[in-house]
Amino acid sequence: MDMLNLLTELPRADALDLLGSAIIYNGTHPFDLDDAENAQVISLIRQIKDDLKISYLDRTPEASAIVSQALSDTLDSILFSSGDLDATKTRMADDGILPINGYEIQISVTSEISARIGYKALKETVINPDRIEVLVPPKTWYEDASQFNTVLYAKKMERSDVNRWIIATTLRNDFTIKVLGSFVVDLKLVGSNEYESIDSWVMNFALKYGIEFEFGEFGVAKYFHDIAIPFETARSRSDRLLSRDGIVYYEMSGHNDQATETYILFMFLVDKQLYFRDLRNRRSTKKVNRR
Amino acid sequence: MPMPAATPPIPSALPDSIILWSAGSRLKYDIQERYYGTHYCWCSPAFDSEALAATAVGANMAPSSNPITIYRELAAAIAKNDSHDLRIAGFRASIRGIAMKKAKEGIITLDQAKEIAVMAKTASLSQFKPLMYVIPYNLVSGRVQSVPLKNRANFEPEYTVPDLHKSEFHVIEL
């Protein structure tokens with residue numbers, strides 16, 4: 001009798017409980033099982049090891065990992081009946097607690113600055129960031145301010161260099177995370193340091209390389225003060241914004257009738273010539289210094 | 001199947017002034033905070049057993065139970081982007097296993113157990129960023145339990161606190 005057959009003879013709740021105990025026992029958790037439970041758990045693990053052609057006495061981390069994986073896979077097959085997994089993910093996405101790997105990541109950035117970073121590096125920035133910050137929209141927009149979905153991700157370009165970071169800004173929507181904008185910031189060049197927040201980096205970057213700032217429908221302003229401050233809002237079509245070679249933060253509305261409306265927190269255009277020249281110069285300076 | 005019987009507390013086994021240390025992950029912290037309301041910690045009176053005098057409490061802690069070793073191994077796995085790291089794979093499994101026990105006990109619903117299972121399975125490496133729990137012993141001394149010898153890495157005493165409240169510890173990143 002294989003493992004699954006053994007478990008299907010039990011009520012579902014008992015099978016899940018037994019699998020939970022077996023996972024814990026197989027790991028290094030200090031639960032002291034009573035004798036009756038111990039016998040069931042040991043019997044189950046012995047059965048799994050037989051199925052996997054692993055010696056029962058093999059307690060190496062590798063063997064334990066294989067057994068854990070088999071137990072976890074079986075647990076999933078019993079826990080999630082047909083359609084159950086999707087329903088759970090939908091509920092979690094609605095609550096904003098679905099892990100990032102549960103989303104489909106869409107890199108839809110068209111600007112030259114973003115394109116130079118590369119698809120793989122951008123995806124890695126979102127999946128395994130070194131830093132994450134959430135742009136909280138003005139509380140007046142929502143009764144529940146936790147319903148935000150615009151996030152800043154930052155990842156070091158090299159582990160040994162604390163100054164050069166990739167920053168990506170994303171929008172979460174159902175099971176999709178869209179990378180809207182991204183750029184490389186050299187903290188030394190913009191007068192920041194690694195202990196400041198990502199929004200401070202963005203602000204300093206914009207102050208140095210931004211040539212035009214737009215705040216909502218009231219036209220153009222040259223400076224902004226704080227990302228978290230509620231700027232005036234405007235409505236626009238996202239495809240028009242994305243076609244511009246700038247960095248755009250906006251929030252998809254969830255509280256009014258037209259859910260496709262876009263609220264611009266702020267945006268700025270980048271002086272590309274100055275930005276690329278500085279990045280090039282910084283790279284060549286580093287090479288000289290290493291010699 | 002009931003939750004395993006707790007080992008009797010050991011209120012006077014350690015000096016009141018001692019700190020207990022426990023290395024965990026961000027994901028585990030978030031799940032415990034969100035779903036269980038309390039934190040289960042396997043802890044040690046030594047932050048780094050190798051830095052202690054040979055006669056000190058916790059000085060002979062095995063590396064696999066030494067809080068700073070666990071912390072460093074987790075941090076290294078994340079820095080190297082090692083998605084096959086065995087410790088992280090073990091965390092993914094044990095988070096699911098514990099959720100099943102909590103559901104059976106009625107602490108969480110089956111729907112919540114499913115959410116935890118999805119979290120454990122799909123969490124990115126960065127969600128396993130290590131955290132160090134810093135637990136003043138005098139706040140929890142009545143609830144500290146001794147790990148049975150058969151479950152320890154070696155003969156050195158190890159402890160658990162099954163129901164830490166947020167006000168009873170700090171978490172730090174090193």
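Trainee: What percentage of the 174 residues in chain B is buried?

Mentor: A residue is buried under 20% relative accessible area, exposed over 50% and partly exposed in between, with a 1.4 Å probe and protein chains only. The model is a predicted one, in which local features need pLDDT of at least 70 and side-chain atom pairs pLDDT 80 or more, whereas totals for chains, interfaces and linings use all residues. Residues are numbered from 1 along each chain as its sequence is written, chains are lettered from A and ligands numbered from 1 in the order written, and side-chain values use heavy atoms, leaving out hydrogens and water. Of the 174 residues in chain B, the buried share is 52%.

Trainee: In what order do the elements of chain B run from the N terminus?

Mentor: Helices (H or I, at least four residues) and strands (E, at least two) are DSSP runs, numbered from the N terminus. Chain B contains five helices and six strands. Their order is β-α-β-α-α-α-β-α-β-β-β.

Trainee: Which residues does Arg26(B) contact, leaving aside its neighbours within four places in sequence?

Mentor: Arg26(B) lies in helix H1 of chain B, residues 26-36, and has a relative accessible area of 34%, so it is classed as partly exposed. Contact means heavy atoms within 4.5 Å. On that criterion, the partners of Arg26(B) are Gln127(B), Phe128(B), Lys129(B), Leu131(B) and Glu173(B).

Trainee: What share of the accessible surface of chain B belongs to carbon and sulfur atoms?

Mentor: Accessible areas come from the Shrake-Rupley method with a 1.4 Å probe; for residues, only the protein chains shown count as cover. The accessible surface of chain B comes to about 7,600 Å², and the share of carbon and sulfur atoms is 56%.

Trainee: Is Asn204(A) buried or exposed?

Mentor: Asn204(A) belongs to helix H8 of chain A, residues 198-209. Beyond four places in sequence, Asn204(A) touches Val190(A), Gly191(A), Ser192(A) and Glu196(A). Because its relative accessibility is 17%, Asn204(A) counts as buried.

Trainee: What is the length of the polar contact between the side chains of Asn204(A) and Ser192(A)?

Mentor: A polar contact is a pair of N or O atoms within 3.5 Å; within protein, one must be able to donate a hydrogen and the other to accept it, and residues adjacent in sequence count only if both atoms are side-chain atoms. For the side chains of Asn204(A) and Ser192(A), the distance is 2.6 Å.

Trainee: How much area do chain A and chain B bury between them?

Mentor: The contact takes 47 residues from chain A and 41 residues from chain B. Buried area is the accessible area (1.4 Å probe) that two parts lose on being put together, summed over both. Carbon and sulfur atoms carry 62% of the area buried between chain A and chain B, which is about 3,700 Å².

Trainee: Which residue of chain B forms a salt bridge with Arg91(A)?

Mentor: A salt bridge is a side-chain nitrogen of Lys or Arg within 4 Å of a carboxyl oxygen of Asp or Glu. Between chain A and chain B the count is six. With the closest N and O atoms 2.8 Å apart, the partner of Arg91(A) is Glu115(B).

Trainee: Which element gives the most residues to the side of chain A that touches chain B?

Mentor: The elements giving two or more residues to that side include helix H3 (35-51) and helix H4 (61-79) of chain A. The element that gives the most, with ten residues, is H2(A).
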